[in-house]
Amino acid sequence: MVPPSQPRRNGLPLTTDGSARACETVGVDRRARLRDARLYFVADRGGMEHALEGALAGGVDLFQLRDKDATDDELLAAAATARSLCEAAGALFLLNDRPDLAAASGADGVHVGQDDVPVDRARKLVGDDALVGLSTHSMQQAQAGCRSGADYIAVGPVHATPTKEGRPAIGVEPIAYAAAHVSVPWFAIGGLDAGTVGAVVTAGARRIVVVRAIAHADDPEAAARALRAATNGGRRG
């Protein structure tokens, strides 16, 4: 038994220098939690400050810090806060676009886009036990994402959204395609809120990514709880 005084991370014992014991076990734990995930929240520092604690209380399984305007030091400071909150809630924490800072901050992983660092390079930077997610915007990219080595993919944007300015909406057809053909955990993304989530669930999604519907909510906990409940009807994807 691990002594109560021994520090732990994600429920696992740490060595005296702070490194996690049995990295493979950590990776398995993260991937098991990813498979069981339903609700993924993405926000910048402002959205995080307003909504993250409530979102986690409402059932968010993953949080991604995505802030294109932050300096490296600002990202690392925000990441430290996010990681602490997510660990306390049993949620996974990922950083957008920056595998180097994801590794430095002790995040559970990194999320990259089609024009960012390739998945294999991101994997080398964050380590084999960390998660690497990939954005996809078509059925072809979704299939390529399955072969890329990514732990999960996001499929969208289903609807046009200002968080993906200039990226055209792809509708629900790729969601139905992903439900039938994608072999890794995947999330529907793009303009999803209480009024639009039903269509992606009907199309086969059981995992969703939400930005503004939680980050801009007056009551982030209630918003997260309702959106998580809305995924219960989704087929396994």
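**Buried residues and ring pairs in a predicted model**

Biologist: Why is N96 called buried?

Modeller: In this predicted model, N96 has a relative accessible area of 11%. Buried means under 20%, so N96 counts as buried.

Biologist: Where does N96 lie, and what is in contact with N96?

Modeller: N96 lies in strand β5. Leaving aside neighbours within four places in sequence, the residues in contact with N96 are Q64, L65, R66, K68, V110 and H111. Contact here means heavy atoms within 4.5 Å.

Biologist: How many residues of the chain count as buried, as a percentage?

Modeller: The chain has 237 residues, and 49% of them count as buried.

Biologist: What makes F63 and F93 an aromatic pair, and why is the pair called stacked?

Modeller: The structure holds five aromatic pairs, and F63 with F93 is one of them. Their rings are 6.2 Å apart, centre to centre, and the limit for a pair is 6.5 Å, so the two rings pair. The angle between the planes is 15°; planes under 30 degrees apart count as stacked, therefore this pair is stacked. The pair links distant parts of the chain, with F63 in strand β4 (residues 62–65) and F93 in strand β5 (residues 92–96), 30 residues apart. F63 and F93 are buried.

Biologist: Why is the pair of Y152 and F187 called edge-to-face?

Modeller: The planes of Y152 and F187 are 75° apart. Over 60 degrees counts as edge-to-face, so the name applies to this pair. Their ring centres are 5.5 Å apart, which is within the 6.5 Å limit.

Biologist: What does the pair of Y152 and F187 tie together?

Modeller: Y152 lies in strand β8 (residues 152–155) and F187 in strand β9 (residues 186–188), so the pair ties together parts that are 35 residues apart in sequence. Y152 and F187 are both buried. Together with Y40 they form one aromatic cluster.

Biologist: Which residues touch the most other members of the largest nonpolar core?

Modeller: That core has 56 residues, and those touching the most other members are F41, F63, W186, V200 and I214. Beyond neighbours within four places in sequence, F41 has contacts that include L52, V60, F63, V211 and I214. Another core, of 13 residues, lies apart from the largest one; among its members are L34, L92, L94 and F187.

Technical notes. Residues are numbered from 1 along each chain as its sequence is written. This is a predicted model: local features need pLDDT of at least 70, side-chain atom pairs count only at pLDDT 80 or more; totals for chains, interfaces and linings use all residues. Side-chain values use heavy atoms; hydrogens and water are left out. Rings of Phe, Tyr and Trp (its six-membered ring) pair if their centres lie within 6.5 Å; planes under 30 degrees apart count as stacked, over 60 as edge-to-face and the rest as tilted. Helices (H or I, at least four residues) and strands (E, at least two) are DSSP runs, numbered from the N terminus. Buried means under 20% relative accessible area, exposed over 50%, partly exposed in between (1.4 Å probe, protein chains only). A nonpolar core is a set of buried Ala, Val, Leu, Ile, Met, Phe, Trp, Tyr and Cys residues joined through side-chain atoms within 4.5 Å.
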